[in-house]
Amino acid sequence: MVFGLRKKAPGVTEEPVAIEGTNPVAAEGVSTGVSVNEAVDQLQKFQATHKWDLFMDVEALDAVDSALETGDLEKEAALEQSILEENSPYAEVRASVPNTDDPELPVDTFRAWFLGTVLCTIIGSCNVILNLRPESLTIYSTVVQLIAYPMGVGMAKFLPTRQFSLFGKSCSLNPGPFNMKEHTIIVAMSAAGSTISYAIDILLAQEVFYGQKFGWGYQLLLTMSTQALGFGVAGVTRRFLIWPAAMVWPTVLVSSSVMIALHNHSKSDPATTNGWRIGRYKFFLLVSGGYFVYAWFPSYIAPFLSFFCFIVWAAPNNVVVNQLFGGQTNIGLMPITFDWSIIAGFTGSPLYVPAFALFNNIFGLLIVMIAAIGMVYAGPDLFKYFPISANSTFDRHAKPFNTSRIVDADFTIDEEAYRAYSPLIIGPTFAMAYAMSFASLSSIVVHVALYNGKELWQRFKLAKDQDADVHLKLMRKYREAPEWWFMATFLVSFAFAMAASQAWDTHLTWWALIFSIFIGAIFFVPIAIIYAITANAPGLNVITEFIIGYLQPGRPLAMMMFKSYGYMMQYNALTYSSDMKLGHYLKVPPRSMFRAQCFAVFWLSIVQIATYNFLLGNIRGVCTPDAAASLVCPNAKTFFNASVIWGVVGPARMFGPGAIYSWVHYFWLIGAGSTFITWLIARKYPRTWVRYIYTPAIWSASGLIPPATCYKMLCYLLVGVIFNYWIRRRYPGWWSTYNYTLSAALDIGNAICAILIVLLLGFTDSVMPEWWGVTVVTNNLDGLGKAITRKLAVNQTIGPEHWS
């Protein structure tokens with residue numbers, strides 16, 4: 001068996017997830033009321049829909065084919081019931097999501113909305129502050145899950161239970177035990193605050209670096225529009241991304257596992273967990289608490305545990321050794337780390353990423369590594385003067401590119417100064433990251449058209465008449481949130497966007513705004529499908545920068561806004577869709593989810609802008625090297641530099657005909673061509689390992705390089721393969737019970753430690769006293785960023801002799 005192929009181990013059975021304190025009921029008609037002919041029809045639809053489904057066991061697909069070929073109606077009906085009606089057809093979902101529901105559980109309670117509002121306000125404010133720190137950090141919704149649970153249980157214990165009338169309905173501040181649906185509402189509200197609005201970086205670049213201030217009205221309109229556009233798009237695409245069973249959303253399974261661990265305190269049956277007895281809740285508490293204590297060592301006391309590159313320690317001044325085995329600014333061919341931040345810091349936990357996606361990512365990363373090594377040792381000379389994985393831009397003197405030398409007082413390009421100074425030069429992995437991003441976008445379009453195009457068209461025509469798995473059948477008990485609600489939200493936010501871009505001198509034309517929103521909307525469903533299947537989401541940041549650089553060259557603020565509306569609308573929509581899927585899995589009424597998410601979207605925009613203005617008005621030197629509390633704004637500086645590179649210098653000078661990096665455009669064809677070829681082969685051999693070649697995952701493997709490095713990506717991928725391929729095959733009972741709970745526990749323990757380090761030590765500028773475990777990480781060529789093949793001689797330059 002290869003990649004996603006798996007079999008159930010002998011003697012291991014799967015038990016449905018049960019939650020204490022609930023009255024579970026099955027979906028109506030799940031076990032009865034479905035005729036044989038209806039079952040056969042559903043099985044035929046299942047066969048067509050899941051033909052290319054990489055989560056589906058090949059054995060199950062073969063069984064469906066065999067039943068339909070033989071024409072045994074009873075066998076077909078029994079198979080339809082076992083695959084579609086009794087539980088999810090996917091082992092990942094069965095391990096993390098209950099297949100029952102209690103419609104009587106209260107949802108829109110006082111405590112849910114009170115805790116949701118309080119926590120989303122705190123999380124939104126904290127994330128704005130932490131985003132400005134040197135080690136940018138985000139408090140994710142999994143942390144909120146842990147914090148909200150004891151608070152909800154406490155309110156259920158102490159609030160009065162007296163009934164009162166409100167608008168003719170009987171209500172209570174305390175309707176019973178704190179339940180999982182209330183908990184999900186809180187998480188959905190707080191999740192909106194875990195995503196920092198791109199508008200904050202725009203405002204910092206605009207007001208701090210460019211010195212251009214438009215006031216509170218502009219700030220609020222900009223922030224609300226960038227956030228709410230994504231919410232509207234997410235809502236109108238539920239038929240494609242939320243209701244279908246094939247849209248698994250691996251990242252959501254972690255949140256669901258945490259919910260189950262917190263609300264189910266029962267012990268595990270060793271007969272189904274490869275001998276383990278500990279319950280998920282106790283396991284969750286022990287792992288998260290244990291890792292919280294341990295995380296202080298790699299994060300603060302002993303950093304050598306993070307970059308365990310012992311070969312580099314043995315030869316700190318050897319260039320080749322540092323280039324090949326250094327993990328900070330080079331390749332890192334020996335990926336060993338004892339720090340969860342290194343493994344999951346950039347891409348999230350690998351424990352929820354399916355094995356087939358991880359193997360495809362590995363292949364894509366190997367392409368980047370081989371190409372980067374080839375560029376350094378056998379490629380153009382200019383690549384020999386930089387670290388292989390340097391996260392920086394350079395000039396023709398092999399120094400960091402000084403953008404201030406090429407812009408005038410209006411922050412537009414000074415042509416004479418640019419020609420007198422230097423072309424913009426980037427390192428080998430940086431260049432390959434751009435090339436791979438072009439390939440990933442073309443492969444996504446071709447892949448979704450070939451593999452999912454027919455299904456998407458059918459779902460578009462079917463609207464709400466979806467082929468239902470057990471979870472969709474259970475959700476049909478509740479009134480659906482009408483699509484016009486989401487469309488109205490989209491139109492209101494579009495009006496805000498138009499006002500923000502046109503009422504102030506942003507240089508972004510009205511037609512460019514519409515085009516940016518169109519790009520985000522048209523790419524959202526293909527990208528979301530890839531993310532819902534592989535947990536990898538290629539971004540639109542590069543392509544939006546690329547397009548606006550040609551449409552409106554020399555206008556950095558217009559570039560930043562175009563990028564924000566095109567890229568962040570898609571990014572935010574993914575966040576809101578994942579929360580909708582969590583509500584779908586945990587049977588939260590759709591209208592309750594809409595109210596919670598819609599409120600949070602607009603409220604958190606106000607919270608983030610209020611926090612932003614408070615910091616600029618009360619903290620000394622924000623976004624300067626000597627800023628109080630080290631609020632040096634690394635992300636905003638990157639955003640500002642990108643505005644200069646793409647908005648001032650422009651893509652024509654970087655990637656146009658005759659430019660240094662014009663070769664990256666071949667990857668548009670490589671991405672599309674490779675996808676078409678693998679599709680042809682998969683059609684001929686549909687039940688072989690070829691079906692698991694997923695080119696969007698291959699070409700998006702370097703999506704976070706830089707700032708991530710190949711070393712960090714290798715650590716991430718190898719840990720994922722160990723758990724989701726080796727352990728899953730060898731110990732399936734343990735994996736189905738504890739894998740996602742382990743992922744969430746490590747995330748939470750690490751996050752709480754990181755937050756305390758920032759709040760307790762960062763604001764006081766406390767540093768760890770120097771000792772070997774601290775200094776060994778930086779006392780080498782890799783740590784210093786000096787592992788280069790050649791050094792530039794006096795008066796020597798690199799790159800082309802002439803540029804324009």
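A salt bridge is a side-chain nitrogen of Lys or Arg within 4 Å of a carboxyl oxygen of Asp or Glu, and a search of the whole structure finds 10 of them. This is a predicted model, in which local features need pLDDT of at least 70 and side-chain atom pairs count only at pLDDT 80 or more, while totals for chains, interfaces and linings use all residues. Residues are numbered from 1 along each chain as its sequence is written, and side-chain values use heavy atoms, with hydrogens and water left out.

**View 1. The salt bridge of Lys181 and Asp101.** The N to O distance between these side chains is 2.8 Å. Lys181 lies in helix α7 (residues 180–194) and Asp101 in the loop between α4 (91–94) and α5 (110–131), so the pair ties together parts that are 80 residues apart in sequence; helices here are DSSP runs of H or I with at least four residues, numbered from the N terminus. Both Lys181 and Asp101 are buried, where buried means under 20% relative accessible area, exposed over 50%, and partly exposed in between, with a 1.4 Å probe and protein chains only.

**View 2. The salt bridge of Glu480 and Arg238.** Here the N to O distance is 2.6 Å. Glu480 counts as partly exposed because its relative accessibility is 22%, whereas Arg238, at 5%, counts as buried.

**View 3. His507, a residue with positive phi.** Although His507 is not a glycine, its phi is about 70°. His507 is found in the loop between α20 (483–502) and α21 (510–534), and it is partly exposed, with a relative accessible area of 38%.

Technical notes. Helix = DSSP H or I, 4+ residues; strand = E, 2+ residues; numbered from the N terminus.
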